[in-house]
Amino acid sequence: MTEFFMPMEKVPTTTHQQKQVTVKNGKPVYYEPESLQAARAKLMAHLSKHVPAVKYTSAVRLTSWWMFKTTGKHKNGTYKTTKPDTDNMVKLLKDCMTDLNFWTDDALVASEVIEKYWADLPGIYIKIEAI
């Protein structure tokens, strides 16, 4: 099992879904806008400190808790029910984890638990379990 917490004053809210497309020479070219590049770089920097010595090669459960900084109207530990959507957030996270060799392919993630909260200590909690 791999388990860690990445404290972050500002949890990335830019998602993988925000890729853009342009047409060059009559062909579509996909690119990442600056906000997506920054979110990817931030996740890569934080995740790189926690890469397991041996990457996972069989089915895993990925648990991720996304904890956003509390504000005046939100209390610590209450669920966040506004954007970004959990499925969009976790796609970028899994892509970064694949690039860093947490596993051979993110297709190995056969079970996911994704939750988002308001928290006094913002950041992302990650747990990977072989199943």
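A residue is called buried here when its relative accessible area is under 20%. With that in hand, welcome to this predicted model, whose chain has 2 helices and 6 strands. Along the sequence these follow the pattern β-β-β-α-β-α-β-β. Of the 131 residues, 42% count as buried, and the C-alpha atoms fill a box of roughly 50 × 40 × 25 Å along the principal axes. Among contacts between residues at least 6 apart in sequence, 84% join residues at least 24 apart.

**Helix H2**

- Let's begin with helix H2, residues 86-99, in which Asn88, Met89, Val90, Leu92, Leu93, Lys94, Asp95, Cys96 and Met97 are buried.
- What covers these buried residues? The cover includes helix H1 (34-47) together with strands S4, S5 and S6.
- H2 lies across S4 (60-69), S5 and S6, and runs at about 115° to S4.
- Just after H2 comes Asn101, which takes a positive phi of about 70°.

**The sheet**

- Four strands make an open sheet with mixed pairing, in the order S1-S6-S4-S5.
- Strands S1 (2-7) and S5 (109-119) are the edges: each has a single partner strand, so one side of each is left without a neighbour in the sheet.
- On average, neighbouring strands of this sheet are turned by 10° against each other, direction ignored.
- S1 pairs with S6 (residues 123-130) in the antiparallel sense over 6 bridges.
- Along that pairing, Thr2 stands opposite Ile128, and Met6 stands opposite Ile124.

**Faces and burial of the strands**

- In a regular strand the side chains alternate between the two faces of the sheet.
- Which residues of S1 are on the covered face? They are Thr2, Phe4 and Met6, while Glu3, Phe5 and Pro7 make up the uncovered face.
- S4 is mostly covered, with 7 of its 10 residues buried.

**Aromatic pairs**

- A pair of aromatic rings is described by the distance of the centres and the angle of the planes.
- The count of aromatic pairs in this model comes to 5.
- One of them is Phe4 with Phe102, a tilted pair with 6.2 Å from centre to centre and 40° between the planes.
- This pair links distant parts of the chain, since Phe4 is in strand S1 and Phe102 is in the loop between H2 and S5, 98 residues apart.
- Are these two residues buried or exposed? Phe4 has a relative accessible area of 7%, so it is buried, and Phe102, at 0%, counts as buried too.
- Trp65 and Tyr125 also form a pair: their ring centres are 4.5 Å apart and their planes stand at 35°, so the pair is tilted.
- Here too distant parts of the chain are linked, with Trp65 in S4 and Tyr125 in S6, 60 residues apart.
- Trp65, at 32% relative accessibility, counts as partly exposed, whereas Tyr125, at 13%, counts as buried.
- Both residues belong to one aromatic cluster, formed by Trp65, Tyr79, Tyr117 and Tyr125.

**A charge over a ring**

- Where does the charged end of Lys80 sit? It sits over the ring of Phe68, 4.8 Å from the ring centre.

**Ala119 and its surroundings**

- Ala119 is placed in strand S5, and its relative accessible area of 5% makes Ala119 buried.
- Leaving out residues up to four places away in sequence, Ala119 touches Met67, Phe68, Lys69, Thr70 and Asn76.
- How many residues separate Ala119 from Lys24 in sequence? They are 95 residues apart, and in space the C-alpha atoms of the two lie 44 Å apart.

Terms used:
Residues are numbered from 1 along each chain as its sequence is written. This is a predicted model: local features need pLDDT of at least 70, side-chain atom pairs count only at pLDDT 80 or more; totals for chains, interfaces and linings use all residues. Side-chain values use heavy atoms; hydrogens and water are left out. Two strands pair if DSSP finds at least two bridges between them. Axes are lines fitted to C-alpha atoms, for helices over the stretch in contact, and angles run from 0 to 180 degrees between N-to-C directions. Contact means heavy atoms within 4.5 Å. Rings of Phe, Tyr and Trp (its six-membered ring) pair if their centres lie within 6.5 Å; planes under 30 degrees apart count as stacked, over 60 as edge-to-face and the rest as tilted. Buried means under 20% relative accessible area, exposed over 50%, partly exposed in between (1.4 Å probe, protein chains only). A charge sits over a ring if NZ of Lys or CZ of Arg is within 6 Å of the ring centre and within 35 degrees of the ring normal.
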